[in-house]
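Here are a few exercises to work through with the model open in your viewer. Try each task before you read its solution.

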Amino acid sequence: PVLELKYPLPEGNRPTLGDIELRGLGNYSTSITLHEGVNVLSAVALDDDGEQSASSEARTVILDTQEPVLTGISVSPNPFTPGKESATLGLTLADNQASYAGSLKVTVTDAGGNVVRALDSIDPAAYGRRTLVWDGCDANGTQVLAGTYQFVIAAADAAGNQASATASVTVQYDVTPPAIAVTAPVAGGQLSYTATLTPTWT
């Protein structure tokens, strides 16, 4: 008898993918080429007289060689001041097999590539538009120093294909104290009337 492995291509035909000569009881295997996406596999057996068995239970196998796609990456506000506001990272995650969840992880690194903060890892990740918020603090809850930081984005689909991207964000603080100056009356001037003090605050 001969074991035939069959599966339907998207066009709907069912080609014979391979024959295995059975030499007794046991397990048998053959190599077949799958197409990208969903493949449905089944097997039938033929004896020497041409009698064919019923088709086996179908098995669904998904071939996914395409990495997920990260688009629409944005950071707002940028720059931002920790303690007054937070930076929101927005992105869109897509995959050719979107019905199977993947993972999304985002870390914040400093100019030296050191990890400052690991933001919430979304695993499993639903595909579509996602947002994550960074308050400008490190893992200990301390506000970071002023400078440029990177959102490091790592995505993976259910098949293990990976994609990555980065987005920069600037942390700034207002460390300049306000200044005040008196513009009237003129210093050293002599007045014969009541003076009005006019300060200018910048």
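Ring pairs link Phe80, Trp134, Tyr149 and Phe151 into a cluster. This is a predicted model, where local features need pLDDT of at least 70, side-chain atom pairs count only at pLDDT 80 or more, and totals for chains, interfaces and linings use all residues. Residues are numbered from 1 along each chain as its sequence is written, and side-chain values use heavy atoms, with hydrogens and water left out.

**Exercise 1. Classify the ring pair of phenylalanine 80 and tryptophan 134, and find where each ring sits in the chain.**

Step 1: recall the rule. Rings of Phe, Tyr and Trp (its six-membered ring) pair if their centres lie within 6.5 Å; planes under 30 degrees apart are stacked, over 60 edge-to-face, and the rest tilted.

Step 2: apply the rule. The structure holds 3 aromatic pairs. For phenylalanine 80 and tryptophan 134 the centres are 5.7 Å apart and the planes are at 65°, so this pair is edge-to-face.

Step 3: Phenylalanine 80 is in the loop between β5 (69–76) and β6 (87–94), while tryptophan 134 is in strand β10 (residues 128–134), 54 residues apart. Strands are DSSP runs of E of at least two residues, and helices are runs of H or I of at least four, numbered from the N terminus.

Step 4: check burial (buried is under 20% relative accessible area, exposed over 50%, partly exposed in between, with a 1.4 Å probe and protein chains only). Phenylalanine 80 has a relative accessible area of 0%, so this residue is buried.

**Exercise 2. Which residue forms a salt bridge with arginine 117?**

Step 1: look for a side-chain nitrogen of Lys or Arg within 4 Å of a carboxyl oxygen of Asp or Glu. The partner is aspartate 135, with the closest N and O atoms 3.0 Å apart.

Step 2: arginine 117 lies in strand β8 (residues 115–118) and aspartate 135 in the loop between β10 and β11, so the bridge joins parts 18 residues apart in sequence.

Step 3: arginine 117 is partly exposed at 23% relative accessible area, and aspartate 135 is partly exposed at 30%.
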